[in-house]
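This report describes selected features of one protein model.

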Amino acid sequence: MSSYLSAAETAERLGVSRATLYAYVSRGMLHAHPGPAPRESRYALADVDMLAGQRKRGRKPREVAKATLSWGLPVLESAITLIEDGRLYLRGASIEGLAQASSVEAVATRLWQCAQSVAFGPVAPTSPAVLAPVQAHMARQRPEESLLPLFTLASEDAPTAQWQATPERLAEGCGALVRLLAACLLGTAPNADPLHLQCARAWQLDGEGADLVRMALVLCADHELNASSFTARCVASTGASLRAAVVGGLAALTGARHGGATARVEALWDELGDSSPAAGLHQRLARGEALPGFGHHLYPEGDVRARLLLARILPLRPTWAPWISEAQALVGQPPSLDFALVAVRRHLALPQGAAYGLFALGRSLGWIAHALEQRSGDGLIRPRAAYTGPRP
């Protein structure tokens with residue numbers, strides 16, 4: 001089925017007249033996209049089905065609350081990230097513009113609303129007695145396994161604790177958290193160099209490779225209330241440190257439905273091989289198995305983050321484009337960020353697990369931003385459960 005419906009198909013699917021459909025559009029309940037012909041609109045299937053579900057649930061509080069937690073209605077206010085009409089904006093700036101020209105540090109401090117010179121100034125002295133031995137012990141493990149325990153052991157709460165109210169000290173603490181996470185990923189000590197250059201040095205990349213890493217980190221910086229960012233906000237709402245919020249975000253990111261999806265994409269790529277990947281795609285789908293790394297609920301026309309990364313890679317990897325196009329045609333969905341990060345890893349010959357590592361390092365900027373924003377209020381995130389067990 002197409003990802004878009006005509007006006008007639010949309011009205012039929014919703015069970016309403018064309019006039020009511022246009023009323024939904026005028027009230028902002030549904031967005032009309034330009035159609036193939038002038039004065040002809042089309043509607044994203046995912047948006048139509050979401051609206052249909054909302055209408056079916058009506059005003060039943062329990063059903064509305066249940067749907068809100070799964071790609072549903074907004075659950076809290078935020079001034080950090082906007083996803084609208086297939087576009088992504090960080091504090092009002094388009095992700096395309098930021099990805100083309102901004103440093104990771106500039107994007108970080110844009111999200112945190114502090115001075116870059118303060119957050120990413122000189123590196124504070126650290127004790128290698130804490131980090132280096134643990135890095136050596138876990139050197140053979142992939143980032144999916146090592147980042148969470150390494151960062152948890154090497155970091156401390158005091159610099160970003162709730163009582164740390166001085167803006168300058170707090171900004172320094174935020175920058176230190178990201179630099180420490182980079183050190184955990186790269187097996188190095190915290191460093192004052194730009195983050196993408198630290199990655200380039202550790203992974204022996206040239207200038208083009210370094211800039212591609214920079215772009216990937218910027219594109220991963222934030223994505224509204226994804227599972228890991230919502231987890232970070234929940235942690236911060238308790239009064240915990242920003243460091244604890246990053247630990248929570250890292251824990252959530254390991255899941256196969258979130259950052260762990262990069263490992264599933266790696267497995268798919270390994271399974272398909274380079275000889276006849278198109279045949280492998282058909283065989284996989286015939287077995288009833290999905291193609292991880294394709295499609296995103298918030299981007300019916302394609303994940304803008306993946307598009308930006310793949311636009312730089314595929315011209316240099318002509319054998320990849322045909323089977324990616326074949327996969328997209330088969331499932332009707334373009335590649336997602338997870339797929340693009342794996343393409344970056346393979347294109348640059350980075351270590352196994354580096355796709356996840358880039359995701360975690362980039363997204364840490366957003367976790368800190370959400371934790372800071374949540375801390376600025378005084379509310380505890382504490383929803384209620386609809387009990388379904390045996391009555392006492």
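Leaving aside its neighbours within four places in sequence, leucine 153 is in contact with Val130 and Val134. The structure is a predicted model, and every value below is computed from it.

**Leucine 153 and helix H9**

Leucine 153 belongs to helix H9. With a relative accessible area of 54%, leucine 153 is exposed, since the cut-off for that class is over 50%. Alanine 119 lies 34 residues from leucine 153 along the chain, and the C-alpha atoms of the two are separated by 22 Å.

**The pairing of H9 with H14**

Two packed helices are described by the angle between their axes and the distance between the axes. For helix H9 (residues 143–154) and helix H14 (residues 242–253), the axes come within 9 Å and cross at roughly 165°. H9 and H14 are therefore roughly antiparallel to each other, because angles over 145 degrees are placed in that class. The crossing of H9 and H14 is left-handed. On the H9 side, the contact is made by Leu147, Leu148, Phe151 and Thr152, while H14 supplies Arg243, Val246, Val247, Leu250 and Ala251.

**Salt bridges**

The whole structure contains 18 salt bridges according to the search.

| Arginine 345 | Glutamate 266 | 2.4 Å |

Arginine 345 forms a salt bridge with glutamate 266. This pair links distant parts of the chain, with arginine 345 in helix H19 (residues 337–348) and glutamate 266 in helix H15 (residues 261–272), 79 residues apart. Arginine 345 is buried, with a relative accessible area of 7%, and glutamate 266 is buried as well, at 4%. Both assignments follow because buried means under 20% relative accessible area.

Arginine 287 counts as partly exposed at 46% relative accessibility, and glutamate 271 counts as partly exposed at 41%. Elsewhere, salt bridges that share partners join Glu208, Asp211, Arg214 and Arg312 into one network.

**Positive phi angles**

Although glutamine 113 is not a glycine, its phi is positive, at about 60°. Glutamine 113 is found in the loop between helix H6 (104–112) and helix H7 (116–119). With a relative accessible area of 60%, glutamine 113 is exposed.

Alanine 349, likewise a residue other than glycine, has a positive phi near 55°. The place of alanine 349 is in the loop between H19 and helix H20 (354–376). Alanine 349 is exposed, its relative accessible area being 64%.

Notes. Residues are numbered from 1 along each chain as its sequence is written. This is a predicted model: local features need pLDDT of at least 70, side-chain atom pairs count only at pLDDT 80 or more; totals for chains, interfaces and linings use all residues. Side-chain values use heavy atoms; hydrogens and water are left out. Axes are lines fitted to C-alpha atoms, for helices over the stretch in contact, and angles run from 0 to 180 degrees between N-to-C directions. Helices (H or I, at least four residues) and strands (E, at least two) are DSSP runs, numbered from the N terminus. Angles under 35 degrees count as roughly parallel, over 145 as roughly antiparallel, 65 to 115 as roughly perpendicular and the rest as oblique. A crossing is left-handed if the near helix is turned anticlockwise from the far one by less than a right angle, and right-handed if clockwise. Contact means heavy atoms within 4.5 Å. Buried means under 20% relative accessible area, exposed over 50%, partly exposed in between (1.4 Å probe, protein chains only). A salt bridge is a side-chain nitrogen of Lys or Arg within 4 Å of a carboxyl oxygen of Asp or Glu.
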